[in-house]
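Here's a quick briefing to read alongside the model. Have the sequence and the 3D view open, and we'll go through the sulfur links, a pocket and the confidence scores.

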Amino acid sequence: MSSPRPVPRRPLARLGVLAAAALLAVTGCTPGGGSDGADASDGGADQGAASTGTGTAELAELGTSHAADLDVDPASDPAYAQYYDQQIDWGACEDVSGSDGLECGTLTVPLAWDDPSAGDVELAVARQGATVDATGSLVVNPGGPGGSGVDMAAQADAYFSADVMASYDVIGFDPRGVARSQGIDCLSDADLDQMRSDTFDLLTEGGELVQDPWVQRLGEGCEADPDSAELLPYLDTASSARDLDVLRAAVGSEELDYFGYSYGTFLGSTYAGLYPERVGRMVLDGAVDPTLTADDFSTGQAGGFEQATRTFLEDCLEQGEGECPFTGDVDAAVQQLLDLFETAESDPLPTDDPDRPLTGALARSAVLMLMYDDSSWQYGREGLAAALHGDGQILLNIADQSASRNRDGSYSGNGNEVITAVNCLDRPGLASEEEETALAEQLSQDDPVWGSSFSYAATTCGYWPEKPVREPAPVTADGAAPIVVIGTTGDPATPYAWAEALADQLSSGVLLTFEGNGHTAYGRSGGCIEEQVDAYLLEGTAPAEGTRC
């Protein structure tokens, strides 16, 4: 396959590492689709995980971590006894769609883990009881950051096999700041609509960096709300991992059995690093490499989505005339897709709502969404064909799904806001604007479809009111039980090389590989990954190292 040809630098769509990754909260964990029939090349995965070289560059200044390093084990320290001695009062659920058997409750955790006297945070939790006889509790996280574990527990039978459901109480929780837990609210629904629709350039014509208006506006909105402002410094993943240990104790488990998708793998590996002796059966699907900086993360995703888009277009062209709206070879189809984005930007396409035409940013969001699951590719072809004929409605529907926008204009949860708050705390990026600009130019050349959209990660977070609190570093979790790390060779959002890296870092990591396209594997592999994972969860039998299917 020939290399993509460079194209002129295009405006930075409202995607980037922060907004594009928001799709993980919505789609990163959704099961469905059949077995993947096309093998993805490892070359694409390697491109997706290319390093920016930030290991030798100066990173942004760090703020104060309230959870990463404690001098005590909270589980055995009297200062934290009020949290660890809790029992959840399970009762009926409100405003949760799913099984009639779902039970809900709340859990109280410290606002600041290094100062348990500083106040509390209330977390929403849910339990889907085992259908036969519970042998343990399986805590789950769907991804994000910003995905609702409560919703995942409510839909547990759509994620897990009947055998797993028979043996485990599935426990979901909304992490601090998220959805039904004590959360943040920073923008109105109308503002979110506008943010998602806007395309803008972070560079002036002279090449100087300018502020990211929407991240600044988002941060100001969070600070203007007293409840949101109080939470902002404490939404990092290390704090949520400490919360996870309180949940483990509250459901009566000596060890944490855990299943995390996408961002949930970062939450899980963070927990393992803090409490390796309390790791039970842990599955991390669609792994995030904890050594990545913000710029490494965005570079990996730019390459991953670029390769996935080319695979999608190649598959489209193979469908033949009448099924695929593009013509020529893959390079020609890439250019036709870019031309569509450009057209939608200069002259937004009409939709059923005259006040919401399909802009270039929304068109990009829709196509990005399609890369998460190849079972959606036919619908995507239909949407792109309609857009090329001047109708943007199908692509708008897909873009709205990616952002959890309801038909009435409201948004489910607050993932569009939480993702920025958490990511800007978790990952520092390049401190030098010159290096960021050079990286952006390189990405635009290497990845012409997505490079510009994933640029300036650190610059964007530079306008966030809180500094990052974590320095990227490997997680070894010495002494932990076997941890199963799943990677998909054609995963655009968490490139396969990230799973390889995490499994290698973890002292007890076991890599399980799905040879296919799309994001995550369990629930999408057609049975091969599910069989291996179920044997591990139910019998404790970890897959053989190097297992691929």
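**Disulfides, a pocket and confidence**

Five disulfides turn up in this structure, counting a pair of cysteine sulfur atoms within 2.5 Å as a disulfide. Bear in mind that this is a predicted model, where local features need pLDDT of at least 70, side-chain atom pairs count only at pLDDT 80 or more, and totals for chains, interfaces and linings use all residues. Residues are numbered from 1 along each chain as its sequence is written, and side-chain values use heavy atoms, with hydrogens and water left out.

**How the cysteines pair up**

- Number the bonded cysteines in sequence order and the pairing reads 1-2, 3-4, 5-6, 7-8, 9-10.
- As a reminder, a disulfide is a covalent bond between the sulfur atoms of two cysteines.
- Helices and strands below are DSSP runs numbered from the N terminus (helices: H or I, at least four residues; strands: E, at least two).
- For accessibility, buried means under 20% relative accessible area, exposed over 50%, and partly exposed in between, with a 1.4 Å probe and protein chains only.

**Cysteine 93 and cysteine 104**

- The sulfur atoms of cysteine 93 and cysteine 104 sit 2.1 Å apart, and the link is right-handed because the torsion about its S-S bond is about 100°.
- Cysteine 93 is in the loop between α4 (81-84) and β2 (102-110), while cysteine 104 is in strand β2, so the pair ties together parts eleven residues apart in sequence.
- Cysteine 93 is partly exposed, at 24% relative accessibility, whereas cysteine 104 is buried at 15%.

**Cysteine 186 and cysteine 222**

- Here the S to S distance is 1.9 Å, and with 95° about the S-S bond this link of cysteine 186 and cysteine 222 is right-handed.
- The pair links distant parts of the chain, 36 residues apart: cysteine 186 belongs to the loop between β5 (168-173) and α8 (189-197), and cysteine 222 to helix α9 (residues 213-224).
- Cysteine 186 is buried, at 10% relative accessibility, and cysteine 222 is buried as well, at 0%.

**Cysteine 528 and cysteine 549**

- Their sulfur atoms are 2.5 Å apart, and the torsion of 75° about the S-S bond goes with a right-handed link.
- Cysteine 528 is in helix α22 (residues 528-539) and cysteine 549 in the segment after α22, so parts 21 residues apart in sequence get tied together.
- Cysteine 528 is partly exposed at 24% relative accessible area, and cysteine 549 is partly exposed at 27%.

**The second largest pocket**

- The second largest pocket holds about 420 Å³ of space, where a volume is the space filled by probe spheres set on grid points joined across faces, edges and corners.
- A pocket here is an open set of points on a 1 Å grid over the protein atoms alone, where a 1.4 Å probe fits, with protein on both sides within 12 Å along at least five of seven lines; lining residues have an atom within 4 Å of a point.
- Its lining has 21 residues, with Ala68, Asp69, Thr270, Leu274 and Arg470 nearest the centre.
- α11 (237-250) and α12 (263-274) are the elements giving two or more residues to this lining, and α12 supplies the largest share, five residues.
- By type, the lining splits into ten nonpolar, six polar and five charged residues (nonpolar: Ala, Val, Leu, Ile, Met, Phe, Trp, Tyr, Cys and Pro; charged: Asp, Glu, Lys and Arg; polar: the others, Gly among them).

**Confidence**

- The chain's mean pLDDT (the predictor's confidence in each residue, from 0 to 100) is 89, and 88% of its residues reach 70 or more.
- Over residues 1-53 the pLDDT is below 50, and this stretch has 169 contacts in the model beyond near neighbours in sequence, a contact being heavy atoms within 4.5 Å.
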